[in-house]
Amino acid sequence: MTLDIAQLGQPVLREVATDVTPDQISSTEFQHFIDDMIETMHESKGVGLAAPQVFSTKRLFIAKILPSPDAPGKPVAGVFINPRLSELSEEKETGWEGCLSFLELLVVVPRHRSLLLSYQNRHGHPHQLRLAGFPARVVQHEYDHLDGILTIDRAITTKNIIKASEIDDAKEYL
Ligand code: NI
């Protein structure tokens with residue numbers, strides 16, 4: 001079942017999400033919710049989706065960043081519950097980011113180039129992933145959603161917020 005995606009202005013996008021308990025993770029309801037989030041992300045052609053974007057204040061997000069076992073270079077969706085970011089590189093990179101909660105806009109956002117992501121998978125098992133470049137950017141974007149932070153808050157100047165349709169003519173301001 002696909003879920004409604006909260007659009008910019010919905011208060012849920014500004015709430016700080018809360019950790020998921022082991023009992024919640026193993027519940028049938030939560031497992032269905034994860035499947036619905038994955039389906040919703042695929043349906044809307046996004047690379048990531050955080051729970052607050054589908055009106056849930058739980059700390060989890062879905063992101064297409066895991067290496068595919070049979071098609072190298074074609075990442076598959078991973079489920080990241082109670083994520084923690086550490087070992088954030090001092091070096092940052094800027095890049096244009098879209099968001100399923102406001103598809104009309106693109107924003108230049110500076111992000112740490114690399115990081116260590118610690119999380120629980122959908123079975124509640126702890127895992128760690130060292131990420132750099134685009135996957136690290138996706139994870140920082142989705143993690144921000146869990147703290148009620150959006151790309152527009154990260155723009156160094158509001159000149160870096162544009163209509164997605166104008167990207168070919170847009171400039172990045174620092
Ligand atoms: Ni987003």
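Which residue forms a salt bridge with Arg-111? It's Glu-97, and the closest N and O atoms sit 2.9 Å apart. These close-ups come from a predicted model, where local features need pLDDT of at least 70, side-chain atom pairs count only at pLDDT 80 or more, and totals for chains, interfaces and linings use all residues. Residues are numbered from 1 along each chain as its sequence is written, and side-chain values use heavy atoms, with hydrogens and water left out.

**View 1. Glu-97 and Arg-111 pair up in a salt bridge.** For a salt bridge, a side-chain nitrogen of Lys or Arg has to be within 4 Å of a carboxyl oxygen of Asp or Glu. Glu-97 belongs to strand 4 and Arg-111 to strand 5, so this pair ties together parts that are 14 residues apart in sequence. (Helices are DSSP runs of H or I with at least four residues, strands are runs of E with at least two, and both are numbered from the N terminus.) Both partners are buried: Glu-97 has a relative accessible area of 5%, and Arg-111 comes in at 4%. The cut-offs here are under 20% relative accessible area for buried, over 50% for exposed and partly exposed in between, with a 1.4 Å probe and protein chains only. The pair is also part of a salt-bridge network that links Glu-97, Arg-111, Arg-137, Asp-144 and Arg-154.

View 2. A search of the whole structure turns up 10 salt bridges. One of them joins Arg-122 to Asp-35, with the closest N and O atoms 3.0 Å apart. Asp-35 is partly exposed, at 36% relative accessibility. Another salt bridge brings together the side chains of Arg-59 and Asp-147, at 3.0 Å from N to O. Arg-59 is buried at 7% relative accessibility, while Asp-147 is partly exposed at 27%.

**View 3. Three protein side chains hold donors of the nickel ion.** They are Cys-99 (SG), His-141 (NE2) and His-145 (NE2), lying 2.1 to 2.3 Å from the ion. Donors are N, O and S atoms within 2.8 Å of the metal (3.2 Å for Na, K and Ca); water is not among the atoms, so sites may look incomplete. Along the chain, the donor spacing reads C-x41-H-x3-H. Cys-99 sits in the loop between strand 4 and strand 5 and His-145 in helix 3, so this pair ties together parts 46 residues apart in sequence. Cys-99 is buried with a relative accessible area of 5%, and His-145 is buried too, at 2%.

**View 4. The largest pocket holds about 330 Å³ of space.** On a 1 Å grid over the protein atoms alone, a pocket is an open set of points with protein on both sides within 12 Å along at least five of seven lines, whereas a cavity is a set where a 1.4 Å probe fits but cannot get out; lining residues have an atom within 4 Å of a point. Points are joined across faces, edges and corners, and the volume is the space filled by probe spheres set on them. Of the 19 lining residues, Val-47, Glu-97, Gly-98, Cys-99 and His-141 are the closest to the pocket's centre. Strand 4 (92–97) and helix 3 (134–146) are the elements that give two or more residues to this lining, and helix 3 gives the most, with 6.

**View 5. The second largest pocket has a volume of about 170 Å³.** Its lining includes Leu-85, Lys-92, Arg-111, Tyr-143, Asp-144 and Arg-154. Strand 5 (105–112) and helix 3 each supply at least two of the lining residues.

**View 6. Asn-82 has a positive phi although it is not a glycine.** Its phi is about 50 degrees. Asn-82 is found in strand 3 (residues 76–86) and is buried, at 10% relative accessibility. Glu-87, in the loop between strand 3 and strand 4, also has a positive phi, near 50 degrees.
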